[in-house]
Amino acid sequence: MHPLPTGTVTLLFTDIEGSTRLLRRLGPRYAAMLAECRTLLRSAFAQWRGHEVDTQGDAFFVAFTRAIDAVSAALTVQRALHAHQWPDEVKVRVRIGVHTGEPQQTEEGYIGMDVHRAARIMGAAHGGQVLLSRTTGDLVKDELPDAVTLRDMGEHHLKDIVGPTHLFQLEIPGEPADFPPLLTAQPQQLLHYFPSQLTPFIGREQECRRIEELLGRTDVRLITLIGAAGVGKTRLAVQVASGLSVHFPGGLFFVALEQVNDASGVLSAIAQALDLQEERGRSLLGSVQEALLSRRTLLLLDNFEQVRGASLDIIRLLAACPLVKVLLTSREVLHVQAEHVFDVLPLSLPEPAHSFEPSALLQSEAIALFVQRAQTVKPGFQLTALNAAAVLGICTRLDGLPLAIELAAARIRYFPPQALLARLERGLSILSGSAHDIPPRQQTLQRALAWSYELLDAREQEAFRRVSVFVQGAMLEAIEQVCNAAGTIPLEMLTILEALVDKSLLQQQVQPNGELRFWMLRTLREYGLECLEQANEGEATRAAHARYYLAWMERMAAHSFSAERMEMLYFIDQEYDNLRVALEWLLQSAEAGQQELAEEALRFCVALCLYWEIRGYFSEGLTLFKRAMAVGTGVKTSLLAEALYMAGFMALVQEGSEPAEELLSKSQQLFQENGDKAGMANILRMQGALSSTRGRYKVARQLLENALHLYEEQGNKKRVMNVREDLAQIALAQCNYEQARRLLEENLAEHQWQEKHYFTAYSFYDLAWVYFLSQTDLAEAQRLAERSLTLFKARGDRRFIASAFCLLGQIHLIQGRESEARPLLEEGLLAIKAVEDRSSTVEALLAHARFMLQQGCYQEALADYSEGCNLVRVIGEKRLAAECLEGIGQVLLKLGKPEEAVQAWGTAAEIRATIVAPMHRVYRSSYRAAVSAARLWLSDEAFQRAWAVGRQVPVEHALLRVTEA
């Protein structure tokens with residue numbers, strides 16, 4: 001059985017009209033007639049790729065991926081039934097209902113309102129008649145076969161379906177076309193002046209249900225739907241109200257206030273909707289109250305924001321008319337006691353890490369709306385694997401705002417999604433509509449935003465403009481300082497911000513620490529930035545923003561945001577977009593000639609360095625350091641020396657030893673000129689790391705011991721422990737496991753004594769490596785690795801989280817637990833690649849390659865080892881070069897190339913002899929088995945010759961040969 005279609009599905013229901021009458025007439029022959037009918041229907045459904053969901057008695061429920069296939073199947077059914085010769089000259093008439101929607105799939109079929117709607121549409125038809133919902137009709141109207149047409153049957157109320165349903169009849173040449181009135185209830189006219197909805201309503205089921213529940217409460221008389229421009233307040237209100245006629249027998253009245261310019265015109269607009277005439281000597285409010293006094297009525301007042309002064313008239317009306325309820329839409333809260341505020345948010349978007357699978361993306365309301373509206377201007381448009389990422393980008397770029405999405409979808413007629421997204425990244429001007437049936441203020445997103453902006457007073461406009469400089473929001477303190485630094489606003493800032501929240505131009509959120517954070521939608525922010533430039537406030541506001549965040553980040557860096565201050569990392573994460581924008585403005589300004597800002601840019605990089613290290617942003621950090629140093633040649637030498645040192649560290653991780661050495665040499669010279677002993681100690685330590693990378697362990701140890709003495713003289717216990725860890729790494733590289741363990745346990749005891757619990761993570765992690773590589777206690781290695789991973793996760797240290805995954809994966813692998821090893825190794829490799837620590841990436845590739853080799857996946861293992869060799873050529877780490885070549889040799893042997901394998905081993909052996917770094921115990925068993933197998937394969941003479949050739953090959957050539965193979 002083929003799986004049922006998902007996402008947007010067209011549902012078709014059938015049954016036989018008068019089946020009981022046919023049963024009485026045919027008697028025992030009814031079964032044969034029913035079997036013939038079923039055969040004809042199933043043949044048509046199969047012809048048009050239908051999926052039979054359910055069959056009961058004489059009824060079918062069938063699902064189709066394409067609407068036109070469902071309609072074609074219905075057409076085929078009616079023609080086949082009409083042409084068939086039935087027994088006793090009976091006439092078998094089947095009624096068919098077709099509707100397109102997004103039903104929820106279950107193990108037994110589908111559920112949801114779309115299923116009920118399709119069944120009710122079928123129930124409204126007569127035998128031989130095919131009825132379509134408007135949604136289906138819109139999808140097929142341009143694809144119908146020649147001479148087949150749709151007849152508009154108008155709006156009808158279907159049993160148990162809220163609101164009217166627009167129906168169409170399929171007109172088939174040669175088949176009956178005239179039928180009795182549809183079998184639907186025809187209630188009295190209760191909807192007055194409601195705008196006709198010409199497009200399907202997408203999503204918002206929960207919002208509709210919650211608003212209906214509010215309107216059903218006796219204590220709720222006034223509901224304000226509040227939200228930003230273009231968020232869909234009116235459409236939501238109309239959708240909800242249209243389905244409530246049974247609850248308001250006195251009528252539902254839509255009152256458009258868009259053209260009402262002052263509060264005094266609101267009562268006139270309500271009276272006009274009620275068909276009331278003004279009477280001399282009598283107040284209009286009195287007339288409206290009398291008309292509604294005993295009527296259970298709902299008034300829908302649309303666009304109330306510019307007539308808020310009429311709110312007291314509404315309250316008086318409600319007080320005099322106990323059966324009346326008011327649902328109004330506004331961009332601003334009324335602030336009256338009877339008001340229940342309902343926030344209308346943008347449509348739902350997929351989670352950031354969501355799959356690009358089209359069927360999954362269509363579960364998002366924003367994506368579904370875009371696709372549906374795009375299909376109205378380009379019927380063949382479909383969400384595919386090729387355009388899914390671009391469509392998601394468009395909807396995300398537009399904050400899920402329905403108006404913006406509809407305007408963007410209308411451009412699909414001229415631009416494919418990828419091109420449309422590229423144009424949106426350059427600005428919102430492309431979002432202009434040509435539809436004449438929507439208000440002028442909504443024909444471009446710009447006009448809709450301008451409408452909200454122009455309703456603000458001067459101080460609110462000023463604050464709105466300046467707040468737009470913040471990215472992803474800001475805390476109250478930041479907003480106050482930046483906005484007032486750019487020019488004093490003569491009113492308490494919190495009061496103004498609360499007014500902007502009330503007017504849907506800002507969002508407000510209470511943080512875990514109780515402080516307030518404010519943010520605005522991206523579309524609003526971009527409009528605000530345009531206003532900022534037009535007011536000639538851009539330069540001053542951006543300067544204030546940059547200086548505030550520089551000072552803020554330097555305060556954070558002073559605390560080192562370490563173990564006891566983990567909440568600081570959360571705050572930096574939250575503000576990182578602001579930090580990026582602030583630093584970028586300083587850099588661009590300095591690059592444009594404002595040299596006085598170069599020093600601030602460099603200070604910013606220095607303050608961010610530790611954060612970049614913890615979060616693994618090495619590539620970004622190094623790039624920004626280089627830009628800052630390029631324009632910061634005239635800054636204080638002490639600052640430049642520190643920046644060069646930090647950039648050297650990042651270069652060592654990201655680019656390898658040679659670029660790092662160049663930066664560190666310049667830093668050393670400046671530290672020496674300044675007599676900076678702390679700086680010199682840092683340089684000695686980093687030069688030790690450089691020498692260790694190159695396999696010059698003796699030189700590295702000497703440099704690190706010199707750094708250790710300087711740190712001890714300065715009483716810098718933290719740096720002393722850092723150097724002990726570096727010395728332990730050298731001992732571990734040379735298989736001096738006891739010395740490595742002793743140094744690391746000394747650090748662990750010091751961290752525990754100082755109660756710096758987070759820093760124990762490094763000691764646990766390094767000790768886990770000692771126990772694993774020495775193969776002395778794998779259970780202890782696993783316990784320590786898991787403890788370190790817990791601490792790394794608590795801090796969010798991406799680089800070490802990934803490395804701990806890889807270590808745990810290898811521990812499981814060496815103990816034969818492949819199913820537990822695989823996810824750890826795969827997740828670790830992906831995560832470490834994202835961090836762009838090249839040395840750690842090579843380690844992760846080697847670990848994954850060993851797993852692939854053990855699983856017999858030789859080509860995959862070869863790809864991992866080759867990628868590792870390519871990175872080693874860049875970073876120049878000889879120990880890793882040896883490990884890569886040893887692994888490559890084992891793969892080559894499995895691929896039937898023993899001579900090449902032995903040559904690779906010969907090169908690796910020469911590297912290890914040169915740097916005095918034996919192979920770790922944990923890897924010796926598999927290596928020795930491979931070497932023994934190669935000896936059996938080759939003659940002693942051929943083996944020795946290949947080994948000797950390998951020992952003569954330069955490391956660079958050996959690595960290059962592997963990557964080119």
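Reader: Which charged end sits over the ring of Phe943?

Author: That of Arg935, 4.1 Å from the ring centre. A charge sits over a ring if NZ of Lys or CZ of Arg is within 6 Å of the ring centre and within 35 degrees of the ring normal. The model is predicted, so local features need pLDDT of at least 70 and side-chain atom pairs 80 or more, while totals for chains, interfaces and linings use all residues. Residues are numbered from 1 along each chain as its sequence is written, and side-chain values use heavy atoms, without hydrogens and water.

Reader: Why is Phe943 called buried?

Author: Its relative accessible area is 2%; buried means under 20%, exposed over 50% and partly exposed in between, with a 1.4 Å probe and protein chains only. Phe943 is therefore buried.

Reader: What makes the pair of Trp612 and Phe625 edge-to-face?

Author: Rings of Phe, Tyr and Trp (its six-membered ring) pair if their centres lie within 6.5 Å; planes under 30 degrees apart count as stacked, over 60 as edge-to-face and the rest as tilted. Trp612 and Phe625 are 5.8 Å apart centre to centre, with 75° between the planes, and both residues are buried.

Reader: Why is the pair of Phe943 and Trp947 called stacked?

Author: Their ring centres are 5.9 Å apart and their planes lie at 25°, so the pair is stacked. Both residues lie in helix 40 (residues 940-952), four residues apart, about one turn of the helix; helices are DSSP runs (H or I, at least four residues), strands likewise (E, at least two), numbered from the N terminus.
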